[in-house]
Amino acid sequence: MHRIRLVGATLLGLVLVGCAGSGSTPSGESSRTTVSASASPSASPTPVADSGWQAWTASYPAEDGRCEATAHQVVCRTGSGGFVGRSRSTGRVTWSVPPAGRGKDADLVVDSASERAVTSSGATLSAADLRTGKTAWTRRLTGGSTYPVVLRVAEGTVYVLETPAEGMKIIPLAAFRMSDGRTLWHRGVAADSYGDMAVFGGRVYTTDGTEVTARDARTGDTVATSAEGVECPHLVSGGHYLVCTGSPISAEDTFPPLRRLDPDTLRPLRTAEDTGQKPERGVISSDGVLVLYEDSAEDPGGGSWNAYDLVHPKRLWSYATTTEEAELAGDRFVTFTPVNDAPVRGRVITIDLHAGPKAKGAAAARMSAPYAQARYGEYPRLVLPGGDPDHVVVQAATHRGLRSMPLP
């Protein structure tokens, strides 16, 4: 990273200064107050002085769910397909979009390029305009599914893979234009939504648990399938890399090996040997470092993030922890410290992708001060604006809190 980072007490001092500068309460545990999400469901956008990313804390109501961020704001999904937008400077709600449907909520995707956020509730797909804070469009899902769906965004298009009802072999895969929700194409495909979906390089990738299929992102037409014998229960993607792993929902105790695929032909490429443990979640950097959370299938709960170089196949480093929540920020890997390490638990840690957690000097790991929102029992997750951010937002589920802090 090109900026200088501070840790420990010095970082806490910066957080206190940041809070005072933004008009929020300092972050000490005994004096912390929260910003109430009091805007009504039909609230119009509220002008807020924007001084860039600042340190703040905010509470959020029970109906709010997953949050994501752009370079300019935090966007959260509310119940039944609604949205709220928050200031990056104060955490206050600046706009809200009312619910669009009824049913089980799906994922949330936020696209800075098209200034849209998209989610689904039951059989309704809905989008918010991030510039106006109003509903951009709503659409019925092509299959009329009442189940959560998998959403991905690329090149001004949102791709939707529905989750099938029990016994369904062919499920809908559809593409909608982000700007106005126009249906561009839809296909009935043999796929497993639990196997995930990847979209990059003008292609959409799905797996049915064994065979991987690549489709033209503009038309939905099949352009490649993987070779027979390449077992692929789950897809992990990032940059222009595509990797097959075992399934995180598998009940087995053995798993297919890591397998990097050529994104054009889907032929297998030489890949580093994995640990043999159960793969839970992975992220891939733009220069080809896969960081994969692997856990024991027989005694889950204390796994490790293992880094693999996909370009020069080898295992780089390992970091033992107790969470599969992690993100990438520039050339650093961001996650939480382990709950069973009392001196450092409840913190955010960043690790150099190539040098690992034991590196020294400028590449050394960096930790934040301890925060209530980062405690293991809060089921925290990380929300990053993308690119090379200088702040990170921690979303705590148990006591429903958001904390914006400088990235260690």
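This note goes through the fold, the sheets, the disulfides and the salt bridges of a predicted model.

1. Basis. The model is predicted, so local features are taken only at pLDDT of at least 70 and side-chain atom pairs only at pLDDT 80 or more, while totals for chains, interfaces and linings use all residues. Residues are numbered from 1 along each chain as its sequence is written, and side-chain values use heavy atoms, with hydrogens and water left out.

2. Overall make-up. The protein chain has one helix and 32 strands; helices (H or I, at least four residues) and strands (E, at least two) are DSSP runs, numbered from the N terminus. Of the 408 residues, 54% are buried, where buried means under 20% relative accessible area, exposed over 50%, and partly exposed in between (1.4 Å probe, protein chains only). The chain exposes about 17400 Å², and carbon and sulfur atoms supply 49% of that area. Accessible areas come from the Shrake-Rupley method with a 1.4 Å probe, and for residues only the protein chains shown count as cover.

3. Contacts along the sequence. Among contacts with a separation of 6 or more, 46% are between residues 24 or more positions apart; a contact means heavy atoms within 4.5 Å. A separate case of two residues apart in sequence is Gly81 and Ser121, which are 40 residues apart along the chain with their C-alpha atoms 5.0 Å apart. Gly81 sits in the loop between strand E3 (73–78) and strand E4 (82–87). Its relative accessible area is 1%, so Gly81 is buried.

4. Strand E12 (residues 170–177) and strand E13 (residues 183–190) run antiparallel and are joined by seven bridges; two strands pair if DSSP finds at least two bridges between them. Ile171 stands opposite Val189 in E13. The two strands form a hairpin with five residues between them, and Gly181 in the turn has a positive phi of about 80 degrees. A salt bridge joins Asp180 to Arg177, with the closest N and O atoms 2.6 Å apart. Both residues are partly exposed: Asp180 at 29% relative accessibility and Arg177 at 30%.

5. Sheet E14–E17. Four strands form an open sheet in the order E14-E15-E16-E17, with antiparallel pairing. Strand E14 (197–200) and strand E17 (222–225) each have a single partner strand, so one side of each is left without a neighbour in the sheet. From one strand to the next the twist averages 20 degrees, with axes fitted as lines to C-alpha atoms and angles running from 0 to 180 degrees between N-to-C directions. Strand E16 (residues 212–216) is joined to E17 by three bridges, again antiparallel. Within this pairing, Thr222 in E17 is the bridge partner of Arg215.

6. Disulfides. The structure holds two disulfides, a disulfide being a pair of cysteine sulfur atoms within 2.5 Å. Counting bonded cysteines along the chain, the pattern is 1-2, 3-4. One joins Cys67 to Cys76, S to S 2.0 Å, and is right-handed, with 100 degrees about the S-S bond. Cys67 and Cys76 are both buried. The other joins Cys232 to Cys244, S to S 2.1 Å. Its torsion about the S-S bond is about -95 degrees, so this disulfide is left-handed. Cys232 lies in the loop between E17 and strand E18 (234–238) and Cys244 in strand E19 (residues 241–245), so the pair ties together parts twelve residues apart in sequence. The relative accessible area is 0% for Cys232 and 0% for Cys244.

7. Salt bridges. The count comes to ten salt bridges, taking a side-chain nitrogen of Lys or Arg within 4 Å of a carboxyl oxygen of Asp or Glu. Arg66, Glu68, Asp107 and Arg381 are linked in a network. Glu68 pairs with Arg66, the closest N and O atoms being 2.7 Å apart, and Arg381 pairs with Glu68 at 3.1 Å. This second pair links distant parts of the chain, with Arg381 in strand E30 (residues 381–383) and Glu68 in strand E2 (residues 67–69), 313 residues apart. Arg381 and Glu68 are both buried, with Glu68 at 17% relative accessibility, whereas Arg66 is partly exposed at 31%.
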